Amino acid sequence: HTLRVAYTGEPWDIEQLCALPILEIAKTNKVDPALLMALIKHISNFDFDYKGAKDRRGLLLLKEGEGIEQVTLAAQRLQKQMEVGISRENAIATFYPDYGIGDKPENWKHSPLAKNWVDQVLADVTYYRENGLYINYKE
C-alpha cells in the first residue's frame with residue numbers, strides 16, 4: 001500500500017523542520033523540547049553552519065557534534081544538570097555565547113546582557129509551549 005500526501009501550504013522553514021527531531025531528542029532525554037528550541041533560536045537562529053568564537057560552531061555553538069547531534073548533546077547536558085539540581089535559569093546560562101559567563105553560570109545574574117538573554121530564552125520557551133511544543137512526561 002502507498003499513502004501519498006500532498007501538502008499545498010507554505011514551504012516549511014528550517015525552524016519548523018527542526019521541530020520533529022527536537023521533539024524526539026527531548027522525549028528520549030526527558031528534556032523540555034520548548035527549551036531546546038528556544039536555546040537554538042537564541043544561539044544560532046537555526047543556522048547549522050553558525051560559527052562562534054573558540055572553535056565553537058553549529059546550532060548550539062558546541063565544540064563537538066555536527067548538525068542535530070548537537071541537540072542530543074545539549075539535551076543530555078541539560079538532563080544531567082537538572083538531575084543534580086541546577087536551576088533551569090543556571091542551566092540556560094551555561095549555553096550563553098559569552099564564554100566567560102557560560103563557563104561560570106553563577107555569574108550570569110551580574111551581567112545585564114546575560115540576564116536579558118536568559119530572560120529572552122525563557123520567554124521563547126513559553127512561546128513554543130503555547131504553540132504546541134510540549135511533552136507530558138507523566139502519561
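1. Burial of Ile43. In this predicted model, Ile43 has a relative accessibility of 6%. The cut-off for burial is under 20%, so Ile43 counts as buried. The residue belongs to helix H2. Beyond its neighbours within four places in sequence, Ile43 is in contact with Tyr50, Leu59, Leu60, Leu61, Phe95 and Trp117. Leu78 lies 35 residues from Ile43 in sequence, and the two C-alpha atoms are 15 Å apart.

2. The rest of H2. Ile43 is one of the buried residues of this helix; the others are Pro33, Ala34, Leu35, Leu36, Met37, Ala38, Leu39 and Ile40. That makes nine of 11 residues buried, and H2 is mostly covered. The packing partners of these buried residues are H1, H3, helix H4 (88–93) and helix H6 (112–130).

3. Ends of H2. Asp32 caps the N-terminal end. One of the side-chain oxygens of Asp32 sits 3.0 Å from the backbone nitrogen of Ala34. After the helix comes Asn45, with a positive phi near 55 degrees.

4. Course of H1. Helix H1 covers residues 14–29, 16 residues in all. From first C-alpha to last it reaches 22 Å, close to the 22 Å expected at 1.5 Å a residue. Even so, there is a kink of about 30 degrees at Leu20. The kink lies shortly before the proline Pro21.

5. Ends of H1. Asp13 caps the N-terminal end, with a side-chain oxygen 3.2 Å from the backbone nitrogen of Glu15. Lys30 follows the helix, and its phi is positive, near 55 degrees.

6. Which residues of H1 are buried? They are Cys18, Ala19, Ile22, Ile25, Ala26 and Asn29. An α-helix has 3.6 residues a turn, so residues three or four places apart point the same way. The buried residues of H1 pack against helix H2 (33–43) and helix H3 (69–83).

7. Asn29 as a polar case. Asn29 is in helix H1. Its relative accessibility is 14%, so Asn29 counts as buried. Outside the four places on either side in sequence, Asn29 touches Ala75, Gln76 and Gln79.

8. Gln70 as a second polar case. Gln70 is part of helix H3. Is Gln70 buried or exposed? With a relative accessible area of 0%, Gln70 is buried. A polar atom of the Gln70 side chain lies 3.3 Å from the backbone oxygen of Glu64. Setting aside neighbours within four places in sequence, the contacts of Gln70 are Arg57, Gly58, Leu59, Leu60, Leu61, Leu62, Glu64 and Gly65.

9. The largest pocket. Its volume is about 250 Å³. Of the 15 lining residues, the closest to the centre are Lys30, Val31, Asp32, Arg129 and Tyr137. H3 gives the most, with three residues.

10. Where the points meet. H3 is the top contributor to the pocket lining. The buried residues of H1 pack against H3, and those of H2 do too.

How values were computed. Residues numbered from 1 in each chain as written. Predicted model: local features only at pLDDT ≥ 70, side-chain atom pairs only at ≥ 80, totals over all residues. Heavy atoms only, no water. Helix = DSSP H or I, 4+ residues; strand = E, 2+ residues; numbered from the N terminus. Expected span 1.5 Å × (residues − 1). Bend = angle between axes of the 7 residues up to and from the residue. Buried < 20%, exposed > 50% of the residue type's maximum accessible area, 1.4 Å probe, protein only. Contact = heavy atoms within 4.5 Å. Polar contact = N/O pair within 3.5 Å; in protein donor to acceptor, adjacent residues only side chain to side chain. 1 Å grid on protein atoms, 1.4 Å probe; cavity = no way out; pocket = protein on both sides within 12 Å on 5 of 7 lines; lining within 4 Å. Points joined across faces, edges and corners; volume = space filled by probe spheres on them.
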